[in-house]
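Colleague: I have a model open and want to learn how to read its features. Can we take them one by one?

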Amino acid sequence: MLLRVVIPTVVSLSFLAGGSWAECPSAPDHAARINEVLEQVQAADSEREAKRIANQLWTFWADAPDAQAQEILDRGMTRRSAFDFLGAMSDFDRLIDYCPDYAEGYNQRAFVHYLRRDFAAALEDLDRALALSPRHVAAMSGRALSLLGLARPDEARSTLQEALRLNPWLSERHLLGPGAPLAADEIEL
């Protein structure tokens, strides 16, 4: 008799918490299209043209595996934009729990960590995002910025250079310029 009472309670608590018994499907495979866009970015004649082209990447990265995952992702991004970092973190945690193989969940949670200046947590999520989506240029640049925040300039420089090989127009490229934090020709005093 006790078993009958416990099971319905667990099921209803899971439902109230927003849980789902459904399994997250695989994320859509946009690798070929992402490669095409990156090739177009590399061939761009100006920063303005490159940004216009590169913005298409978000269409692919933010294409969640199903409607439930998309709703969670969109809500988390809206909350993050409104500086509701706790709400956004809750949504991205839920997205990652539901879809642990979806790179953008980790990338978005990393962004919240970064905004909260928790660079170590951001780096952990970015490493996972990049393991799932190795050509995610935004995650690469976020990784470089997180490494810079952790005072690891050599790793940050290397990561940013890797990202720039994919998109030479990233605004973070200026971090490598003369006198910038990641300049290879740093002057020692």
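Modeller: Start with disulfides. This is a predicted model, and the count by the distance rule is 1 disulfide.

Colleague: Which cysteines does the disulfide join?

Modeller: Cys24 and Cys99, with S to S at 2.1 Å. A pair counts as a disulfide when the sulfur atoms lie within 2.5 Å, so this one qualifies. Next, check the handedness. The link of Cys24 and Cys99 is right-handed, with 95° about the S-S bond.

Colleague: Where in the chain do Cys24 and Cys99 lie?

Modeller: Cys24 is in the loop between α1 (2-16) and α2, and Cys99 is in the loop between α6 and α7. They are 75 residues apart, so the pair links distant parts of the chain.

Colleague: Are Cys24 and Cys99 buried or exposed?

Modeller: Buried means under 20% relative accessible area. Cys24 has 15%, so it counts as buried. Cys99 has 2%, so it is buried too.

Colleague: Now the core. What is the general idea?

Modeller: In soluble globular proteins, nonpolar side chains tend to be buried together. Here the largest nonpolar core has 32 residues. Those with the most contacts inside it are Ile34, Val37, Leu38, Val41, Leu57 and Val137.

Colleague: Which helices each supply at least two residues of this core?

Modeller: α2 (31-42), α3 (47-54), α4 (57-61), α7 (103-115), α8 (119-132), α9 (137-149) and α10 (153-166). A second, separate core has 15 residues, including Ala64, Leu73, Met89 and Leu95.

Colleague: What does Leu38 touch, leaving out residues up to four places away in sequence?

Modeller: Leu38 touches Leu57, Arg135, Val137 and Leu166.

Colleague: On to the backbone. How should I read phi?

Modeller: Most residues other than glycine have a negative phi. So look for the exceptions. Phe83 has phi near 65°, a positive value. Ala151 is also positive, at about 60°.

Colleague: Where are Phe83 and Ala151 found?

Modeller: Phe83 is in the loop between α5 (67-81) and α6 (85-98). Ala151 is in the loop between α9 and α10.

Colleague: Are Phe83 and Ala151 buried or exposed?

Modeller: The cut-off for exposed is over 50% relative accessible area. Phe83 has 64%, so it is exposed. Ala151 has 62%, so it counts as exposed as well.

Colleague: What is the N to O distance for Arg152 and Glu155?

Modeller: It is 2.7 Å in that salt bridge. Arg152 is partly exposed at 32%, and Glu155 is partly exposed at 36%.

Colleague: Which residue forms a salt bridge with Asp154?

Modeller: Arg157, with the closest N and O atoms 2.9 Å apart. Asp154 and Arg157 both lie in helix α10, 3 residues apart. Compare accessibility across the pair. Asp154 is exposed at 55%, whereas Arg157 is buried at 13%.

Colleague: Which residues do salt bridges with shared partners join into one network?

Modeller: Glu71, Arg75, Arg79, Asp84 and Asp91.

Terms used: Residues numbered from 1 in each chain as written. Predicted model: local features only at pLDDT ≥ 70, side-chain atom pairs only at ≥ 80, totals over all residues. Heavy atoms only, no water. Core = buried A, V, L, I, M, F, W, Y, C linked by side-chain atoms within 4.5 Å. Buried < 20%, exposed > 50% of the residue type's maximum accessible area, 1.4 Å probe, protein only. Helix = DSSP H or I, 4+ residues; strand = E, 2+ residues; numbered from the N terminus. Contact = heavy atoms within 4.5 Å. Salt bridge = Lys/Arg side-chain N within 4 Å of Asp/Glu carboxyl O.
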